[in-house]
Amino acid sequence: MLRWVWGASLLALAAVPAEADNLRDAVAADLPALVELYKDLHANPELSFQEVETAGKLAARARALGFEVTEGVGKTGVVAVMRNGDGPTVMLRADMDGLPVIEQTGLPYASKKRAIAQNGTETGVMHACGHDTHMAAWIGTAQQLAARKDQWSGTLVMILQPAEEIGEGAKAMLDDGLYTRFPKPDYVLAFHDAAQFPAGQVGYANGFALANVDSVDIVVPGVGGHGAYPHTTKDPVVLAAAIVMRLQTLVSRELNPTDSAVVTVGSFQAGAKHNIIPDEARLQLTVRSYSDAARKQLLDGIARIAKGEAIAAGMPEDKLPRVSVADPYVPATFNTPELTARVVTVLKPRFGDKLFEVPAVMGGEDFSQFYRADRDNVESLILWVGGVRASEWEKAQKGEITLPSLHSPFWAPDAPVVIATATEALTAATLDLLKKS
């Protein structure tokens, strides 16, 4: 079975239009070892800020390639620096953490790991978001660039970032001196595997790529009592329900129709028995937007609606809803137009119609922090690399199967194609950004 997948992967990769050079051949030569690394990473995932073994094994590989390596940046992050003369600084990022998901792919190298999650519960752990492909391609790119030092000039900074899944790892590395202790980048590049298009395809968004992600909690006080005598109470369930319904107008009636946004109430908790009106209800919201202005308008609107509905329900000042916004939040990821255009120009001859523009999505990625830390001097770009096997894609198009999404316990990307495609794309882009004058 593995032999068949391997053969299919090579065929899929070879089918991608490309200009003839030795980069693709060199990546193909490295691919068997990179796939073995991928399998090891997949079988041994670690949760956010617990990526100790992962960081250690990849840091050792970077040192062996000649990088100056520092571990423990932002708790478990790794920074590998290669100086190669005068020129700009390019930073390449891969994220390391897995998810608290019990794997159900049936792969022979499926994860059987268990760990203690942030909430204190024991859980299975899985690379259900494909970060294992990111790390394998990170090593593949490091190998190619280390072997081609005669083709570029400047400084290469390659980082392994922890805790992307909880949106805190990038900020932790920046707070720990990523841009002061190490060379600050002129360009920052990354990729993410994609469960929505075929393996070997490369997508890019121009401008906003992913959304601001805010988690909002609303505590709605009430006055509890017997369900048969509601007139003696202030029912927080009814009040919270009114808040939920009114929140729907933020996007539909207050935000500019050209601004995309989402306000989703993911949790509504209140009460414990049929005939008891509780004295409190709790709401949990996810709020998605792109611009800082839209984000502020949404968050201000949520606070206003919660307070206004409570006043309308006759709640006194000391029992108004309490609204809290999680800090830190995940800012929107922005692909700077100049860097995007330059990389697209480099990649188009290689990938042909396999390279295409995609719309922004409402998912979140803390890769955004690296650009926002110095918007005046840093350009950034994150690419999507398709991961769906060709055979599965064809069945899905016929309606025969439903494709799993990222974070699904069934997500198993076509790893050889993802790793080879991403390694070639990141290497080619970096060689262009650091090309000798």
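Thr123 is buried, at a relative accessible area of 13%; buried here means under 20%, exposed over 50% and partly exposed in between, with a 1.4 Å probe and protein chains only. The residue sits in strand β5, which covers residues 122-124. Leaving aside residues up to four places away in sequence, Thr123 touches Leu47, Pro100, Val101, Lys113, Arg114, Ala115 and Ala117, a contact being heavy atoms within 4.5 Å.

All of this comes from a predicted model, where local features need pLDDT of at least 70, side-chain atom pairs count only at pLDDT 80 or more, and totals for chains, interfaces and linings use all residues. Numbering runs from 1 along each chain as its sequence is written, and side-chain values use heavy atoms, with hydrogens and water left out.

Zooming out, the protein has 11 helices and 18 strands, taken as DSSP runs numbered from the N terminus (H or I, at least four residues, for helices; E, at least two, for strands). Its radius of gyration is 24 Å, close to the 22 Å from the globule rule for 437 residues, so the protein is as compact as a globular protein of that length. That radius is taken over C-alpha atoms, and the rule is 2.2 Å times the number of residues to the power 0.38. The C-alpha trace spans about 80 × 50 × 40 Å along its principal axes.

Among contacts with a separation of 6 or more, 81% come from residues 24 or more positions apart.
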